[in-house]
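Reader: I'd like to learn how to read a model like this one, feature by feature. Can you walk me through it?

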Amino acid sequence: MSSTRVLVLNSGSSSLKYQLLDMRDSSRPATGLVERIGEQTSRLKHTPAGGESRERTGPIADHDAALKAVAAELAKDGLGLDSPELAAIGHRVVHGGKHFTRPTVVDDTVLAEIERLIPVAPLHNPANLTGIRTARHLRPDLPQVAVFDTAFHTTMPESAARYAIDVKTADEHRVRRYGFHGTSHAYVSRATAKLLGRAPEDVNVIVLHLGNGASASAVRGGMCVDTSMGLTPLEGLVMGTRSGDVDPAVIFHLMRVGGMSADEIDTLLNKKSGLIGLCGDNDMREIRRRIDEGDEQARLAFDIYIHRLKKYIGAYYAVLGRVDAVAFTAGVGENAAEVREAAVAGLEELGLAVDAGLNAVRGDEPRLISPDFARVAVAVVPTDEELEIATQTYALVRKDK
């Protein structure tokens with residue numbers, strides 16, 4: 001029996017998302033989520049293909065217990081971790097630094113390097129490490145593959161990746177633009193080229209990944225040449241709770257004049273800023289509802305969000321020189337027609353336009369929303385980071401055989 005299945009794990013600080021994919025047809029025999037790990041109110045939701053979801057609640061002490069619970073649910077459907085059809089486990093790892101430029105089979109050296117990067121990804125890499133270590137303990141014989149959010153962006157030239165600070169200081173502390181959401185940007189840029197009926201190496205795409213976290217990338221011929229997130233996921237676009245770009249002196253001002261500590265400012269910029277800081281809501285649907293009711297604070301938040309988005313579209317147009325498509329993806333990008341319309345409004349001289357009728361249509365498939373006369377295609381391309389992780393994982397383990 002051939003091994004064609006990949007289990008994709010996305011380990012958060014208190015959650016574990018998983019999908020089992022069959023690489024013969026990209027189908028998903030099972031998906032699920034464990035949340036509130038470490039609490040008395042832990043919850044596991046497991047959904048087998050073609051069947052009804054199963055839920056269990058109650059304490060799940062840690063990630064080891066969570067993965068064992070997932071394995072038990074998979075086993076009920078004949079999909080257990082001991083299945084000979086399981087080729088590998090693919091792990092999302094947020095930060096790979098400069099070192100990891102492609103998916104990598106995990107060994108002790110790889111684990112040590114991921115751990116060394118914790119200072120630049122303190123919220124994400126520890127949880128990713130826990131998931132890998134737990135999976136290795138349960139299936140030490142199975143290839144464990146780390147797929148890095150940052151890897152797609154390692155093709156950026158130094159002129160885009162470096163900040164204009166003292167080189168020695170930057171190198172000593174690994175301060176540079178790394179970028180994130182890389183699996184999404186990779187998948188969507190490739191899917192956009194396919195939608196246009198062209199090879200990825202022939203297409204220049206601006207990808208706009210707009211969810212609660214949001215990032216933009218400039219992709220030339222399948223290679224990232226610039227991206228909006230930086231050393232951390234804080235830089236760039238206005239997000240649900242993150243500020244995106246601010247003058248760095250704001251931090252010093254808040255320390256000196258506001259008496260705020262570094263930790264307080266970190267919390268402010270990462271958790272109390274962006275849309276929620278501007279109007280008290282970080283759900284774009286609720287913000288649009290409030291705008292429709294005449295709420296001026298919600299309108300201002302939306303306008304600031306769009307202003308920043310439009311600036312990045314223009315900047316990346318300049319970086320690429322020629323743009324074949326602008327692709328919207330992730331929760332807001334795929335579902336908020338008003339955001340897509342507003343983001344390209346006034347950019348007709350750049351060849352960008354949205355057809356109101358096409359833009360209003362909802363769907364799960366990649367689609368064009370620009371009129372036929374538009375010089376630049378505008379597309380909605382649903383992202384599939386799990387499929388991207390599984391595809392990279394499977395390609396690597398098949399190559400090694």
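This is a predicted model: local features need pLDDT of at least 70, side-chain atom pairs count only at pLDDT 80 or more; totals for chains, interfaces and linings use all residues.

Reader: What does the secondary structure of the protein chain come to?

Author: Helices (H or I, at least four residues) and strands (E, at least two) are DSSP runs, numbered from the N terminus. Here you get 15 helices and 14 strands. The radius of gyration of the chain is 21 Å, close to the 21 Å from the globule rule for 401 residues, so the chain is as compact as a globular protein of that length. That radius is taken over C-alpha atoms, and the rule is 2.2 Å times the number of residues to the power 0.38. Along its principal axes, the C-alpha trace spans about 55 × 55 × 45 Å.

Reader: Among contacts between residues at least 6 apart in sequence, what percentage join residues at least 24 apart?

Author: Contact means heavy atoms within 4.5 Å. The share is 62% in this chain.

Reader: Which residues touch the most other members of the largest nonpolar core?

Author: A nonpolar core is a set of buried Ala, Val, Leu, Ile, Met, Phe, Trp, Tyr and Cys residues joined through side-chain atoms within 4.5 Å. The largest one has 44 residues, and Leu208, Leu210, Met284, Tyr305, Leu309 and Val339 touch the most other members. Several elements each supply at least two residues of this core, including strand E9 (204-210), helix H11 (296-320) and helix H13 (337-344). The largest share, 11 residues, comes from H11.

Reader: Now backbone angles. Which way does phi point for arginine 174, positive or negative?

Author: The general idea is that most residues other than glycine have a negative phi. Arginine 174 has a positive phi of about 55 degrees, though it is not a glycine. You'll find arginine 174 in the loop between H5 and helix H6 (182-195). Histidine 181 is also not a glycine, and has a positive phi of about 60 degrees; its place is in the loop between H5 and H6.

Reader: Is histidine 181 buried or exposed?

Author: Histidine 181 is buried, at a relative accessible area of 11%. Arginine 174, at 24%, is partly exposed.

Reader: And where is alanine 164 placed?

Author: Alanine 164 sits in the loop between helix H4 (158-161) and helix H5 (167-172). With a relative accessible area of 89%, alanine 164 is exposed. Its C-alpha atom and that of arginine 176, 12 residues apart along the chain, are separated by 9.4 Å.

Reader: How does threonine 41 count, at 45% relative accessibility?

Author: Threonine 41 counts as partly exposed. Look for threonine 41 in the loop between strand E3 (27-35) and strand E4 (43-48).

Terms used: Residues are numbered from 1 along each chain as its sequence is written. Side-chain values use heavy atoms; hydrogens and water are left out. Buried means under 20% relative accessible area, exposed over 50%, partly exposed in between (1.4 Å probe, protein chains only).
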